[in-house]
Amino acid sequence: WGLNWARRSLVVRSVGDVVLDLRTRAFRAAAEHDLSFYDQFSSGRIVSRITSDTNDFGQLIVIVTDISSQMVQAVILGVVLFRTDVKLTLMLMAFLPIIFAIAGGFRVLARRVTKRGMKAMSDVNAAIKETISGISIAKNFRQEESIFNSFNESNQQSYQVNVQRGFVLSLVFPTLNALGGIFVGVLIYVGGLNAAQGIVSVGAWYLFIMSLDQFFFPVLNLSAFWAQIQSGLSAAERAFALIDADPNVIQTDKQDVHPLKGRIHFDDLHFRYTDKEPILSRFNLLIQPGETLALVGHTGAGKSSIAKLIARFYEFQQGKLLMDGRDIRTFDFAQYRKQLGIVSQVPFLFSGTVADNIRYAAPDVSDEEMLQMARKIGDGEWLETLPNGLQTEVGERGAHLSMGQRQLVALMRVLMQKPAIFILDEATASIDPFTEWQIQQALSLILKNATSILIAHRLSTVKAADRIVVMQKGAIIEEGNHEGLLSRGGHYAELYNTYF
């Protein structure tokens, strides 16, 4: 009893340690993968690998310890059987390869159905996550029944696959037990004949029969466990595939990054998301330190790709991208990204307060510093629209705030960071004139202290730029200031008339 308690206590601790370590490594890997990784795998499937698969792998530890104890028991009883009757024991040993061969067949089948079962479960997780994330849109278009049907389809597929998996795994023990029972009957018959002929004593024969049952149980367990192990091994494959996936964005060195001046040079650069999707070809662009550059063009012109390459979210295939004359691939990633300030098209806020989100990139900033900066934007009137000021809860993804308030919080977050390079993928959402004026004030505070790349969708942002670069199909076709480009009557004038 004491040894059993000690073993189970150690197993519980071991499983906890393994799951903790594996889940930590899986989440760290997911956080460090570049954005191209998330183009290939949905967030629901990644969540499934970090949670369900790591937990399933932890159960493998339980199986391993059980196998170890069963093996010890089988060895001890094997010695007892040999000492009781060598002839009958040799017959028993001759039968064991048959059991192991049948168990091996189950192992291959179990591995296949287990992988299918896990994939089906990850599909269910992905469907749930996508549905919950977009529930407001579904309700807006009254698609509750549609999203349920979509989930139900994935759930039914998962049910069918996992029922098949259950049938396969449930066949293992009955099959092996039936074979074991047949062979035990043979051994009892042969042993009985030997006892009747006086070759072996009745006492030894009875001892052999009693020991045989105790020997066969661990041996059958040993064989059957191989089917259960497939679940843990399949989970391990998926979890370690997440951890070991090769990054597409590769730094060639980890040089220290001193305060950047912000001179950015695209030199004969080639970039594509996939082999069949070229975005930039022989692209050249020089951005001077402290310059505010606006990128304009139709959707698909390559504007956002330029910003993503500067941020090192994606890897370019050929050419050079130089930052202050140094290859951007030689920088220490963490030090480099600390000097970048990025506001995406739809600002993302984490659950918590406004202050928590503003401190996200600068955790040491005090409330007083935030208030001083906030009052420089529209005399701080935007704070009065927040029920509890900086302590207002933003809700999941900032759902409690308006789009304008989210943009102001995102811009404040960048202001507190004091970046050397600022990238703005401006939101296209309709904003009232007063909020737009506040946003422009926040932008001006950032622009005067950073080299800025503005992916412009609004005329006010375009006019604030020192230089406007007009793009079409991954190439620069015009550049200059607003008035100059407008007077040319070219592509920019067409964009101005279309959008502005």
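Modeller: Buried means under 20% relative accessible area, exposed over 50%, and partly exposed in between, using a 1.4 Å probe and protein chains only. This is a predicted model, where local features need pLDDT of at least 70 and side-chain atom pairs count only at pLDDT 80 or more. Residues are numbered from 1 along each chain, and side-chain values use heavy atoms, without hydrogens and water.

Colleague: Why is Arg-312 called buried?

Modeller: Its relative accessible area is 0%. Buried means under 20%, so Arg-312 is buried.

Colleague: What makes the pair of Arg-312 and Ile-250 a polar contact?

Modeller: A polar atom of the Arg-312 side chain lies 3.3 Å from the backbone oxygen of Ile-250. A polar contact is a pair of N or O atoms within 3.5 Å, where one must be able to donate a hydrogen and the other to accept it.

Colleague: Why is Lys-473 called exposed?

Modeller: Its relative accessible area is 75%. Exposed means over 50%, so Lys-473 is exposed.
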